[in-house]
Amino acid sequence: MKKLQIILILLITVSLLFTSCAKRYSATNPESGSLDSGNSNPPSNIEGDENVPQEEDPFENGEWNDINYKFDGNKISEFLFGVSFNESNVPTYKFYKKDPKKWELKNSLTSEYYFDGTDDENKAQTYAINPAIFYRYDFKNPLVDSMGSYNQSTKMKRFLFYRLEGNTEFFTINNYLIAIDTHSKLVFAYAKITKTESGQQYATESKPVEEYGEKRKFYEYDPIGFISYNQTEDSLTLTLYEEYKEEMIMNAKNYFPQVHDANRNVAGYDDANSAGRSPYYIEQEIGNIDPQTIIDQLKGKTYSIREGLDLYTYKFSDDGKKVTFTVNNFYDGETVNNELSYSEVVGTTSLKYGDVTITGIGAYDIIKDANREYIIDYQDNGPDFIYRVAGKTFKNSSENRTYEFSDDGTSLTYTENGKVETYNFAEQSSDSKAAYSKAENVFWGLRLSEHNGKKDGRISASANYANVDTTTAMAGELNDYEAFIDDTTTPSKFVSTVGGKTYFYRDYTQPDSGNGKSLNANKYIFNENATVLTYTEMVYKQEDVSTTYNLVSVNGTKATYSSNGKNIIISLGTDSNMIYDENSNSLGDYTAEDKGPFFLDIVRGNEYIAEDKSYKYNFSSDGKLLTFTYASGETIKYDYSKTDSEYFKAAYKQQDTLFPRYWALRVTSQGNTLEMSTGSLAAADHILRDGAYGWKALFGSGSLIEDSFLNAVAGKVFAMRNTSDSTKLERYTFSSGGATLTYEQIDWYTDQVVSTSKIEFYGYEKVNDTRGKYKYNDSNDQIVIVEFSIDSLSPIALSKANSVVGYYNYQDPGPYIYDVVKGKTYKRPNGDTYKFDSTGKVVEYYVNGKLDTTYDFSKVKSGNHLLSAYKDREKLLGFSRYWGVKVENKDVNLYVSTGSLATADHIINSGDYGDPYILQK
């Protein structure tokens, strides 16, 4: 009976993960699994797509936006689906084919398919899930209104959602499982358990993750795994990331997806250790977040967690504006008590209290800071037995007995009258008892108790040191074989914490200030037993200076070190990875990585000049304004945007551009060499991630050397008529210094720039005195390099790819008349009509509706291509006849000469014209 009770308790626990709806699955009626009948609450109505610029939309940009990425994503829906859960509630998913079973459409409105997976070896903690009905929802989240904007979004047209309903011998399962992206092949969690049944531990309600935590779309959170296809075996495999499995083991009931690190790479496909961010993650603007919405979730709540001997607690005030952080040591009591005040919002669920960032997870039943996660209303059972004995020695001299524990408490060396035995930790109970084993199925029970007012000052054991199980070993008072703590072996919390560690500090609190605070750093190096401290000052561009201090005294969590009469006091505090001074100011962080100074602090006020003296960079006193100067004297200005996660890189936004253009820069740690990206992109993050570097310059100053090509083209405009369609004037306009140029087409009909024709060239690079290279970004934001040339240093013609594309001081003759009139019909009130063919070079003349004469284009007038000569196909007395033809008022009025002449030039220069023929619309 007792064994059955234990099994039931375990199964009740796992059911918290599995169940989410009030109505139970019916083995006799599989239709009870429908969304409407299975959920006691109506689906959520969540807003659809956010307004994301197309060039920044991850659903529009990225290799993962193809259903054939990795493999054909349509294959996923060909497979049946199953799941089993181990003792830690971690799922294992399977895909298989099993005739005659197949997915069957059940509800077209919700795109719900189902199949009966009974007897297909789906298990929960080794217990069969029978019956088992699996549901798949194609491109619609079953927890959200099927007809709302969310599920109608085109973004959803790639996700398959899975759900399970079934029974084990002991409980009912109703679980919203996973969403699979048929394009990226990544797997996401989309549901959160939100309610359990009164008096029982069964979940009764699940909600979409979009309603909790950061309130992101489910696909913006980190994926939990990926799916792969073996073409040879025609098989699918779902690999869960270790990161996800570890979080499930810790707290499956309250699992909620996270954005662990927005700066890490997109999740990969190599193995279970390839976790990363979602390709669909979008950074939310901090300025749009109302901090009160986060404060309301925290106010009046208490969160704690135990680590070893210490209990860490955050207790928020009733208004949420303050939080008290305490550390309670099992032996020393409260060692830290800091009250922190709210200062700013730093994330969608993150607030800063003092210098500490606190982030809410899921429905705020968990919070985290930089060191650990804390659970709301945490039930503390005290430290584990192994932590209470770690590194300690207990002696009984009168009976010649010694208990000596390893540094981690998991191993015991027991000595009595010279006989030595070794035991290993096996199990503990809640009443200061533990069982250690000497061999398989041989256990000895131990108990800690107070002695002479000292907590855990005494250890004693069971009379029988060869018990057959841990329960028997820990039964009773365990008052035999007593021994007492040897105080000299009690580990000092300070010494055990800092011994052998290096603590580093560089001020990384203000990456965007350019105030220089990150330039200098400090390092504290402790030897193994913390008796010697080496303090190193790292001053920018100077040799490191180190001083050795010796330990003078230790008092709990504080220690005093001295060197040549100078004392420093170092203490432990709020953060277990930090050391502090006597006033609780941070001195160093054990986990800190020296990433060097911030970009702004390195470059502020500096000048960098190219080795060939053709350009230079000048930074303002805080580094936030960059002026780039060409040898021609032309300048381009850039404004600081952000520092990269690699602190020696930063993005700058070019001033005065039609569309956003961001450039990346990087500098060496000592600030001697600067480089700029060879192209620009529309987003700061993108150029920092993808930018290639060139435009090298060295720290220093000097005069620039003139560039002959730039001097020749600076401020000039080159133009000519388009050779394919002369109604378009092509124009290349160089900037005042020649370093950039703009290409445009001017429409003859409107005298306006054709909006789709404009190209901005940038990134000048000299080839020689008459040639230069420029770059532009094409419609796919890919960088294209173009080489231009000039005919001399006093240029008349501009060429591209050895073809002339424009002339300086171009005298525009207008478009060729045949490009203007082609395909058009002109008529007089009396009905006389001219009809031009599709080339404009053949025209037919009609009188009274009958073809009278046909003419062929001959030539245009030099300097005015709208005045021309057309040749009559019929000769007069054996001689050719030419008629003058011209258009005016753009293409509205056509004039034809009143007579003909023997040569084209004569009619062009001296023809007389009558009333116009009018363009027929």
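User: How far apart are the closest N and O atoms in the salt bridge of Asp-456 with Arg-388?

Analyst: A salt bridge needs a side-chain nitrogen of Lys or Arg within 4 Å of a carboxyl oxygen of Asp or Glu. In this predicted model, the closest N and O atoms of Asp-456 and Arg-388 are 2.8 Å apart. The two residues are 68 apart in the chain, with Asp-456 in strand β29 and Arg-388 in helix α6.

User: Is Asp-456 buried or exposed?

Analyst: Buried means under 20% relative accessible area. Asp-456 has 3%, so it is buried. Arg-388, at 9%, is buried as well.

User: Which residue meets Lys-454 in a salt bridge?

Analyst: Asp-487 does, at 3.6 Å from N to O. Lys-454 lies in strand β29, and Asp-487 in the loop between β30 and α8. Lys-454 is partly exposed at 36% relative accessibility, and Asp-487 is partly exposed at 46%.

User: What describes a pair of aromatic rings?

Analyst: The distance of the centres and the angle of the planes describe such a pair. The count here is 91 aromatic pairs. For Tyr-524 and Tyr-535, the centres are 4.9 Å apart and the planes stand at 40 degrees, so this pair is tilted. Tyr-524 belongs to strand β32 and Tyr-535 to strand β33, so the pair ties together parts 11 residues apart in sequence. Both tyrosines, Tyr-524 and Tyr-535, are buried.

User: What is the angle between the planes of Phe-709 and Tyr-764?

Analyst: The angle is 5 degrees, with 5.9 Å centre to centre, and the pair of Phe-709 and Tyr-764 is stacked. Phe-709 lies in helix α11 and Tyr-764 in strand β51, so the pair joins parts that are 55 residues apart in sequence.

Definitions and conventions
Residues numbered from 1 in each chain as written. Predicted model: local features only at pLDDT ≥ 70, side-chain atom pairs only at ≥ 80, totals over all residues. Heavy atoms only, no water. Phe/Tyr/Trp six-rings, centres within 6.5 Å; stacked < 30°, edge-to-face > 60°. Helix = DSSP H or I, 4+ residues; strand = E, 2+ residues; numbered from the N terminus. Buried < 20%, exposed > 50% of the residue type's maximum accessible area, 1.4 Å probe, protein only.
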